[in-house]
Amino acid sequence: MTDAYRALALQTTCRAINACSTPADAAAAVADNIDRVGRQIRASKAFIGADLKLVVLPEYFATSYPLGDTIPGWAAKGCFDMHGAEYERLGRIAQDNGVYLCSNAYERDPHFPGLYFQSSVILDDSGNQILRYRRLISLYAPSPHDVWDRYLDVYGIDGVFPVARTPLGRLACIASEEILYPEIARALGLRGAEVILHSTSEVGSPELTPKDIAKRARAIENMAYVVSANTAGISGVDIPLGSADGMSKIVDDQGRVLAAAAAGESMAAYADLDIACLRRRRLRPGMGHVLSRLPQAAINAGLGATALKPNALLDGDTLKIPQRADFAARQKATIEALLGAGVLGHD
């Protein structure tokens with residue numbers, strides 16, 4: 001067990017591959033993007049010090065997000081294979097720099113051909129994949145919830161909410177806007193997560209944003225560190241470059257911001273994570289010990305039935321490939337169902 005070490009939320013520009021005309025061109029661009037990040041990690045560690053042991057990368061750092069592509073089209077052009085060349089490259093970066101590395105990418109899964117999932121993957125300092133978390137809440141992309149029964153058959157519930165026990169503490173991942181959903185972090189917290197790795201590409205602002213508030217809240221609620229890496233803008237698309245920029249940070253279990261980056265490419269969001277000290281605080285009784293005071297059975301009883309049903313992309317044993325418009329139609333129908341159930345009101 002490493003009692004204390006340094007972690008880095010690397011704020012790097014996402015160079016979009018959307019304009020690539022073929023999967024081969026896209027693969028070459030992805031390889032260049034990964035190699036560039038590798039050089040940034042090497043230089044950052046040289047500056048920060050040998051005790052830099054954990055690096056978190058921003059959301060979809062090597063590709064950007066699908067703009068106008070069909071689901072199968074993006075699966076072919078913008079997605080990693082689960083054990084493909086992209087993860088081999090990332091594994092070498094982790095091994096060469098002696099760091100645990102958290103990547104976020106769209107990913108193909110042979111169990112669900114034609115679809116993709118957004119995945120946060122942790123590679124250890126030997127380059128091995130030790131955790132894979134698939135984003136559950138996504139407006140215009142498939143998620144495990146959409147193929148729920150089959151996903152559970154393949155990966156089980158621990159594959160939905162994985163926590164890796166490592167020399168750096170118990171690591172877990174949350175993707176992007178899921179930081180706004182306390183239930184996701186709580187599921188990980190109740191499985192022992194001590195450090196939550198958050199890959200994001202979010203709107204930066206000099207004011208507090210909903211996501212920025214949520215980073216502090218999730219840390220306090222689960223008595224855990226949050227390491228949140230944002231993009232330093234997305235280049236190669238029509239959205240203004242600086243829109244998703246800044247606000248990478250590390251938050252401790254008491255909601256204190258230990259380090260933060262301003263706008264632009266930056267290694268400024270690095271800080272010491274003292275796992276031994278965290279564990280001592282987690283053993284201290286008192287009002288602030290949130291996890292020990294959680295009446296989970298009562299909360300479970302009070303939760304209402306959800307209007308968003310699972311298995312939307314399963315028809316028996318048949319896997320349905322959606323159009324992007326299907327996701328918007330489903331959200332509209334879910335809002336109507338919430339209205340009908342009295343969750344949303346118009347009186």
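Guide: Let's start with a term: a residue lines a pocket when it has an atom within 4 Å of one of the pocket's points. Keep in mind that this is a predicted model.

Visitor: Which residues lie nearest the centre of the largest pocket?

Guide: Those are Ile137, Tyr181, Ile184, Thr306 and Leu308, and the whole lining has 35 residues. The pocket's volume is about 1,400 Å³. H4 (148–160), H5 (182–189), H8 (296–302) and H9 (324–340) are helices that each give at least two residues to this lining, and H9 has the largest share, with six.

Visitor: What makes a lining residue nonpolar, polar or charged?

Guide: The residue type decides: Ile, Leu and Tyr count as nonpolar, for example, while Asp, Glu, Lys and Arg count as charged. Sorted like this, the lining of the largest pocket has 20 nonpolar, nine polar and six charged residues.

Visitor: And what volume does the second largest pocket have?

Guide: The second largest pocket holds about 590 Å³ of space. Its lining has 27 residues, with Tyr60, Tyr65, Arg135, Ser176 and Ser201 closest to the centre.

Visitor: Why is Arg218 called buried?

Guide: Buried means under 20% relative accessible area. Arg218 has 7% relative accessibility, so Arg218 counts as buried.

Visitor: What makes Arg218 and Glu221 a salt bridge?

Guide: The rule asks for a side-chain nitrogen of Lys or Arg within 4 Å of a carboxyl oxygen of Asp or Glu. Between the side chains of Arg218 and Glu221 the N to O distance is 2.7 Å, so the pair passes the test. These two residues are about one helical turn apart, because three residues separate them in helix H6.

Visitor: How many salt bridges does the whole structure have?

Guide: A search finds 20. In one of them, the closest N and O atoms of Arg132 and Glu107 are 2.9 Å apart. Arg132 and Glu107 are both buried. Another salt bridge joins Asp109 to Arg134 at 3.1 Å, and both of these residues are buried too. There is also a network of salt bridges linking Glu202, Asp212, Lys215, Arg216 and Lys249.

Visitor: How do you know that strand E10 is mostly covered?

Guide: Five of the five residues in E10 (residues 195–199) are buried. In a regular strand, side chains alternate between the two faces of the sheet. Val195, Leu197 and Ser199 are buried on one side of E10, and Ile196 and His198 on the other.

Notes: Residues are numbered from 1 along each chain as its sequence is written. This is a predicted model: local features need pLDDT of at least 70, side-chain atom pairs count only at pLDDT 80 or more; totals for chains, interfaces and linings use all residues. Side-chain values use heavy atoms; hydrogens and water are left out. On a 1 Å grid over the protein atoms alone, a cavity is a set of points where a 1.4 Å probe fits but cannot get out, and a pocket is an open set with protein on both sides within 12 Å along at least five of seven lines; lining residues have an atom within 4 Å of a point. Grid points are joined across faces, edges and corners, and a volume is the space filled by probe spheres set on the points. Helices (H or I, at least four residues) and strands (E, at least two) are DSSP runs, numbered from the N terminus. Buried means under 20% relative accessible area, exposed over 50%, partly exposed in between (1.4 Å probe, protein chains only).
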